[in-house]
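Keep the picture open beside the text and look up each part as we get to it.

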Amino acid sequence: MQEIHSLLEGFVVALSFKNVGLMLLGISLGVIIGVLPGLGGANGVAILLPLTFSMAQQPGGTTSAIILLSCIYWGALFGGAITSILFNIPGEPWSVATTFDGYPLAQKGRAGAALTASFTSSFVGALVAVIVITFLSPVVANFALEFGPPEFFAVYLLTFCAFVGMSKEAPFKTLASMMLGFALASVGTDPVTGTLRLTFHTQVLLSGFDFLVAVIGLFGIGEILLTMEEGLAFKGASAKINLKVVLETWKELPRYWLTSLRSSAVGCLMGIVPGGATPASFMSYGVARRFSRNGSKFGTGVVEGVVAPETAAHAAGTSALLPMITLGVPGSPTAAVLLGGLLIWGLQPGPLLFVEQKDFVWGLIASMYLGNIAGLLVVLTCVPLFAAILRVPFSVIAPIIIVVCAIGAYTVNNTMFDVWMMVVFGVAGYAFKKLSYPLAPLVLALVLGHSAEASFRQAMLVSQGHLGVFFSNGLVGTMTGLALALLAWPLVSWAIAKVRAGRAFG
Amino acid sequence: MSEGRDGARAACTRKTAEIAVALLLMALGAIVIYDSLRLGAKWGSDGPQPGYFPFYVGLIICISSALNLFNALRIRPEKDKAFVEVGQLKLVLVVLVPTVIYVGLVGWLGIYVSSAIFVTLFMRRLGKYAWWKSLAVGVGNSVAFFLIFEVWFQVPLPKGPLEALLGLD
């Protein structure tokens, strides 16, 4: 089989001494980032991205760089579980469902079991997703080689409409936030004609808004401000993991194989859709509760209630990379930052990557297998260390994180303007979070704005301005139709709810 | 943190905040529309003009913000919770104001000196740490970052008079 062969070659690339070292470094940094308030997968990767610029210029360096950054992502995913279980503070939105049973378990003194279960099921979820990526992504990429501008625009449209259709937040808030991202993306030079747009004759706006700065501000500074508001009494359960607890938990885990399998499936399916990790974790928690024999005990601290959301969240977080590498459409903010990295290193994400950059793609996929194994070992052995970081008082951690964010924002383009913008985005992120405007669509629109606009305009050029081009063949028509259906979904569900309510009261 | 009854008073209600954000976004949308129209948002001889795409983006911002504004105006007073309480706002400002001053200082003193000052004062004022502890963490942090960025990764960060004096530029 072609995939197995390519994968083995990928392992050769990923298993070099340097790359394994970067993997371990990335995982450890990632867990720390995931554990610290104000730093998460997306802005952690964004801050470290500029450090890879020089690394990526060496031969084979882009593979090392993506291995480092993707391992930070895996590490952050693992780290989110630590804060959810020990401190009842979900590090990432998709860790929220983990707190339902993880924190009660920790309070019962079974923190070790909860952590072991969550790490192991994260690993299982990620593994299933990587296997899916290994065999599905070449097929998708091959299929997408035939795509022209209308098809690509339809994919973008589908991505963005999925946000509106699947978001928990008010649809018009999602739309406003997304369009703000597109507007910010269009500041600067027009990608097609080179005309200056929305710069208002100022020097600083010539190069536009960098999404890395937006990510660092929105998620970093915004998060610090939010954390600050809640007051800072971190009261955590103590974490002791020893081999005995690990082995005992592992003995218990095979009982939940059906839950694992279901959650992996939910995760993989939802992960490919943008913004899917969070709904995936909630959905699989709900499904597990309904189908499990001891479903009524969910929420009081059962291991199964940790297994379900963690498996799904990691499966989704990992499979979010599938559309990124095959189509150039990231499924999550962190995947978006990784995509931005690829663009900066001079790689064009999309189907051609599988033809032109085989080493890179398969090195990355192989590193996903290895990175998750390394991740499991690192987190299982070092939990007390990472939990200790959380006990460092906030008045020490907060200013250091702000300094790190400022450095990260500065290094993107070496301008002070970006650091000021980071503060502005921080305040905006704080307000948006409090008013439940979703941030992920904003970031994705900011990253994809140029490509989406370019594909739209190219499609329109081909068709001489007829929107009918987006329905011109079965494939593009199906995608556009599906996108419009998703866009209309909030309206439909609102109407259904109205009718039902009307019946109930009438 | 307990600030008493005064701290739990709303500094700004949710309704006010919703309205403010919606109006702000509408204004931004209007700016986008204005500039797109200036550039031409129609169909030119060689395809869509540069303002074509942003024009519709601006339009959707305005429309969806108008709907958000409409929803915000319908929030009934009894359901109007606090957007931020006075006590919370104080805590947020305690972080935000020094951050703004810090960023201002970076342009003048360079990032290392201002970071040392920022971390030290933050720990001293908010964490009530002893001066020597705060100073040790502040300076140590900057030295560590100097080694990581300037020496190890060779990424130049903004520097000020102190670095010039020490010949580290």
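Here is a tour of the two chains, and then of the place where they touch.

First, some ground rules: residues are numbered from 1 along each chain as its sequence is written, and chains are lettered from A and ligands numbered from 1 in the order in which they are written. What you see is a predicted model, in which local features need pLDDT of at least 70 and side-chain atom pairs count only at pLDDT 80 or more, while totals for chains, interfaces and linings use all residues.

Start with chain A, which has 22 helices and two strands (these are DSSP runs numbered from the N terminus: H or I over at least four residues for helices, E over at least two for strands). Its C-alpha atoms fill a box of roughly 70 × 65 × 55 Å along the principal axes. A compact globule of 506 residues would have a radius of gyration near 23 Å, and chain A, with 22 Å, agrees with that. This radius is taken over C-alpha atoms, and the globule rule is 2.2 Å times the number of residues to the power 0.38.

Now zoom in on two helices of chain A, α5 (residues 61-87) and α7 (residues 111-144): their axes come within 10 Å and cross at roughly 155 degrees. The axes are lines fitted to C-alpha atoms over the stretch in contact, with angles from 0 to 180 degrees between N-to-C directions. So α5(A) and α7(A) are roughly antiparallel, a label for angles over 145 degrees. Among the residues making this contact are Leu77(A) and Phe78(A) of α5(A), and Ala111(A) and Phe119(A) of α7(A) (contact means C-beta atoms, placed from the backbone, within 7 Å).

Chain B comes next, with seven helices and four strands. Its radius of gyration is 24 Å, but a compact globule of 169 residues would have one near 15 Å. The domain assignment, which is automatic or from a database, gives chain B domain 1 (9-80) and domain 2 (86-166). Over C-alpha atoms, 37 Å separate the centres of these two domains of chain B.

Finally, how do the chains meet? In total, 46 residues of chain A are in contact with 50 residues of chain B. On the chain A side, the helices that each supply at least two residues are α9 (171-185), α10 (211-229), α19 (394-413), α20 (416-434) and α21 (440-463). Of these, α19(A) gives the most, with 11 residues.

Key: Angles under 35 degrees count as roughly parallel, over 145 as roughly antiparallel, 65 to 115 as roughly perpendicular and the rest as oblique. Two residues are in contact if their C-beta atoms, placed from the backbone, lie within 7 Å.
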